[in-house]
Amino acid sequence: MSDGLDALLDGQLAYYRARAPEYDEVYAERGFRHLTDLVERLPVSGDVLELACGTGQWTVRLAQRATHVTAVDGAPEMLDIARRRVEAAGLVATFEQADLFAWQPRRRYDTVFFAFWLSHVPPQRFAAFWATVARAVRPGGRVVFVDTDAAERDTERVVPGDRATVLRTLKDGSEHEIVKLFHDAGGLAAELGKLGWTAQVDPADGGFIRGVARLTDRSARD
Ligand SMILES: C[S@@+](CC[C@H](N)C(=O)[O-])C[C@H]1O[C@@H](n2cnc3c(N)ncnc32)[C@H](O)[C@@H]1O
């Protein structure tokens with residue numbers, strides 16, 4: 001692809017594959033330590049689809065509330081850790097490895113959930129991603145998401161230019177350029193409104209945002 005977007009997204013997935021063994025360290029940091037408690041205050045229920053599940057930090061919490069969880073991620077290394085975490089908690093989930101920029105749902109779910117994924121979806125893929133999500137939600141179902149707040153931009157090494165990327169370094173010293181958008185709550189709700197969603201996006205304690213979205217006119221989108 002001429003603008004290099006595919007290569008950037010391949011590199012982003014490669015970064016997370018390499019980061020998998022050290023990924024959970026972030027959940028030991030202040031701010032993240034109790035973050036997954038947020039699930040208790042979010043409208044998560046029924047048959048749940050989790051996109052970009054990572055090491056399963058959220059999958060366990062979702063599985064405690066859902067009738068079933070299907071968790072998708074592109075990194076087999078992440079999925080291995082997630083699978084072990086869910087089993088260790090005595091819970092059950094179905095895991096699937098897929099590239100979310102190509103993946104399509106085979107059925108619909110009551111809740112579609114994603115944490116710290118939307119900020120890695122580039123603007124050029126934003127509408128297509130939400131169209132995929134629309135195909136995964138049952139009539140009356142909800143999309144629930146958690147992500148970093150716009151204010152967190154100052155904590156990252158933002159790459160100058162219009163690619164909406166940051167630089168991250170792994171423990172082996174390797175440096176990776178990945179997509180990172182810093183959505184602010186109001187702007188994101190308005191953007192989703194233009195795509196046919198009714199969304200409530202609010203700041204959550206600790207530099208995060210939480211969002212709940214429903215299709216505004218389901219019949220128009222089926
Ligand atoms: C910031 S992590 C979030 C993980 C988890 N949701 C959490 O909050 O801890 C982003 C996740 O997206 C996954 N990912 C990156 N690119 C992907 C792609 N193209 N398709 C599917 N998953 C992808 C990574 O493997 C990683 O697990």
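**Exercise 1.** Determine which residue of strand 3 stands opposite Asp 73, and in which sense strand 2 and strand 3 pair.

*Solution.* Step 1: Asp 73 stands opposite Gln 97 in strand 3. Step 2: four bridges connect strand 2 (residues 68-73) with strand 3 (residues 94-97), and the pairing is parallel; strands count as paired if DSSP finds at least two bridges between them. Helices (H or I, at least four residues) and strands (E, at least two) are DSSP runs, numbered from the N terminus. Step 3: with helix 3 (residues 76-88), these two strands make a right-handed β-α-β unit. Right-handed means that, with the strands pointing away from the viewer, the path from the first strand over the helix to the second runs clockwise.

The model is predicted: local features need pLDDT of at least 70 and side-chain atom pairs pLDDT 80 or more, whereas totals for chains, interfaces and linings use all residues. Residues are numbered from 1 along each chain as its sequence is written, and side-chain values use heavy atoms, without hydrogens and water.

**Exercise 2.** Classify the aromatic pair of Phe 114 and Trp 130, and state which parts the pair ties together.

*Solution.* Step 1: rings of Phe, Tyr and Trp (its six-membered ring) pair if their centres lie within 6.5 Å; planes under 30 degrees apart are stacked, over 60 edge-to-face and the rest tilted. A search of the whole structure finds 17 such pairs. Step 2: the centres of Phe 114 and Trp 130 are 5.7 Å apart and the planes stand at 70°, so this pair is edge-to-face. Step 3: because Phe 114 belongs to strand 4 (residues 109-115) and Trp 130 to helix 4 (residues 123-136), the pair ties together parts that are 16 residues apart in sequence. Step 4: Phe 114 and Trp 130 are both buried (under 20% relative accessible area, 1.4 Å probe, protein chains only).

**Exercise 3.** Classify the pair of Phe 126 and Trp 130.

*Solution.* Step 1: with 6.3 Å centre to centre and 50° between the planes, the pair is tilted. Step 2: Phe 126 and Trp 130 are separated by about one helical turn, because they are four residues apart in helix 4. Step 3: one aromatic cluster includes Phe 126, Trp 130 and Phe 114.

**Exercise 4.** Describe the strand order and pairing of the open sheet of three strands.

*Solution.* Step 1: the order is 6-7-8, with antiparallel pairing. Step 2: strand 6 (157-158) and strand 8 (175-179) are the edge strands, each pairing on one side only. Step 3: strand 7 (residues 165-169) is joined to strand 8 by five bridges, and Val 166 stands opposite Ile 178 in strand 8.

Conventions: Buried means under 20% relative accessible area, exposed over 50%, partly exposed in between (1.4 Å probe, protein chains only).
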